[in-house]
Amino acid sequence: LQGWFMTLNSLATYGTAFQIKVLSSLLTHKEFLQNIHDVLSEEYFDNQAHKWVIGQILDYYEKYHTTPTMEVLKVEMKKVSNEVLQLSIKEQLREAYQASNEDLEYIEKEFSSFCKNQQLKKALLNSVDLLNSGDFESIRGLIDNALKAGAEKNIGHEYIKDTEARYREEARTVVATPWSRFNDLMQGGLGNGDFGLIFGNPGGGKSWTLVALGGYAVKMGYNVLHYTLELGEDYVGRRYDAFFTGKPVDTLFKSKDKIEEIVKELPGQLIIKEYAPGQATVNTLRAHIQKCTDLDFKPDLIIIDYVDLLSSKKRVQDRKGEIDDIYVSTKGLAKELQLPIWSVSQVNRAGAKDDVIEGDKAAGSYDKIMITDIAISLSRKKEDKVNGTGRFHIMKNRYGMDGMTFSVVADTSTGHFEVTDHHFDDSDSPRPVQRIEGTNLTTLDRDTLAQQFFQLNT
């Protein structure tokens with residue numbers, strides 16, 4: 001039992017800053033609260049405001065099996081009759097919600113050990129009377145229960161208990177795309193742990209769509225980490241300059257002053273990292289992401305241009321097996337870090353000639369689509385490149401409808417893509433109008449009503 005007592009004797013000894021970060025973690029990290037709620041007690045805290053917050057956290061968890069929201073705490077705080085205590089609670093909650101995540105893993109581990117030690121000490125003290133009466137079996141039960149307290153309890157999403165948690169707005173954090181119609185279909189955007197993929201033909205603007213996604217996220221205040229395995233870091237940076245200024249990338253040398261003026265006002269941050277094709281693995285990216293996090297740049301969105309140019313860590317006999325491993329590892333990285341990842345991939349020769357690129361035209365491995373959460377194709381034939389047009393097609397969507405095609409106005413000199421109308425029939429020739437059996441409607445009536453219904457819902 002010696003190792004269980006390697007903590008300080010009282011929580012006050014750790015200092016106020018430590019206790020604030022404990023409150024912050026208990027208020028925002030359900031898994032941490034889930035693991036220690038059985039050893040957590042308000043009596044460990046000396047501050048009356050801290051005691052009140054801990055009491056509210058435990059009461060709410062007992063009823064709803066998750067952490068309380070700020071809105072709930074605001075309502076409960078109004079019920080406190082002591083105005084001085086109410087003001088103190090408000091101040092402590094403000095500090096807790098604004099506390100940084102620095103050293104959070106250490107603080108959670110240390111506080112867990114402290115709580116478990118307190119439980120064990122209490123069990124040992126209660127064992128004195130049992131020892132005098134010779135009730136060794138009860139002593140053993142007390143000690144065993146104390147040792148088990150505070151253990152890992154996350155067994156997954158408990159369907160009946162976690163109803164409140166899965167309908168919270170923050171249950172799925174998303175980074176929106178520049179295209180509102182896509183956001184509606186994706187329940188807001190690409191979510192934490194999601195892997196999104198955009199297919200396209202060579203020179204069709206795939207890399208520019210990634211700039212559009214990253215640039216829009218930066219304008220929304222998110223931190224974006226953009227990996228490029230095909231283009232140079234400086235040139236990708238100039239593409240972002242073009243996106244933010246709206247000036248063609250080949251004319252930017254005349255607009256350096258305007259670029260500096262606009263970039264300074266951006267609410268989010270952007271880091272562009274270049275790796276040689278075939279030299280970096282998913283583990284290389286993981287290590288770089290950790291390095292950025294250690295240097296106080298915590299990404300909200302990862303962009304990889306493009307995943308197929310990564311190298312597999314496994315020895316496989318064919319290219320398909322290597323690609324499958326890379327894609328599975330990339331999806332695993334998104335889940336592990338709980339971050340959204342966007343990337344692009346090419347279509348095969350047959351797909352490059354299609355007006356609308358379907359799932360069977362994925363180059364290398366059809367399994368790419370199976371692994372991703374969102375798969376979109378961008379079709380831009382020769383005449384589209386001249387006219388600045390194209391078509392987005394929703395190939396796969398875990399969060400809503402798919403199989404839909406949208407017209408797009410594409411400016412691949414600035415990275416701006418405007419999604420316009422929706423297509424219900426992607427064929428070049430019109431279908432003959434036929435009467436629908438058993439009704440007074442024709443196929444034209446049906447398609448017109450379907451289009452109106454879609455417009456009303458979007």
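R94 comes out as partly exposed, at 39% relative accessibility. Keep in mind that this is a predicted model. The side chain of R94 meets that of E91 in a salt bridge, 2.5 Å from N to O. Both residues belong to helix 5, residues 83–98, and sit three residues apart, about one turn of the helix. E91 is partly exposed as well, with a relative accessible area of 32%.

On to the other salt bridges. The whole structure has 13 of them. One joins K161 and E158, with the closest N and O atoms 3.6 Å apart. E158 has a relative accessible area of 19%, so it counts as buried, the cut-off being under 20%. K381 and E383 form another salt bridge, their closest N and O atoms lying 3.9 Å apart. E383 is partly exposed, at 41%. There is also a network of salt bridges that links K331, D373 and R398.

Next, strand 4, residues 224–228. Five of its five residues are buried. V224, H226 and T228 point one way, while L225 and Y227 point the other. Which strands does strand 4 pair with? Strand 5, residues 270–274, pairs with it in the parallel sense over five bridges, and H226 stands opposite I272 there. Strand 6 also pairs with strand 4 in the parallel sense, over five bridges; in that pairing, Y227 has I304 as its bridge partner.

Last, the surface. E102, D103, D294 and D296 form a negative patch. D296 lies in the loop between helix 13 and strand 6, and counts as exposed at 73% relative accessibility.

Technical notes. Residues are numbered from 1 along each chain as its sequence is written. This is a predicted model: local features need pLDDT of at least 70, side-chain atom pairs count only at pLDDT 80 or more; totals for chains, interfaces and linings use all residues. Side-chain values use heavy atoms; hydrogens and water are left out. Patches are made of residues with over 30% relative accessible area and no salt bridge: like charges are joined within 9 Å, nonpolar side chains (Val, Leu, Ile, Met, Phe, Trp, Tyr) within 5 Å. Accessible areas come from the Shrake-Rupley method with a 1.4 Å probe; for residues, only the protein chains shown count as cover. A salt bridge is a side-chain nitrogen of Lys or Arg within 4 Å of a carboxyl oxygen of Asp or Glu. Lys and Arg count as positive and Asp and Glu as negative; His and the chain ends are not counted. The place of a charge is taken as NZ of Lys, CZ of Arg, CG of Asp or CD of Glu. Helices (H or I, at least four residues) and strands (E, at least two) are DSSP runs, numbered from the N terminus. Buried means under 20% relative accessible area, exposed over 50%, partly exposed in between (1.4 Å probe, protein chains only). Two strands pair if DSSP finds at least two bridges between them.
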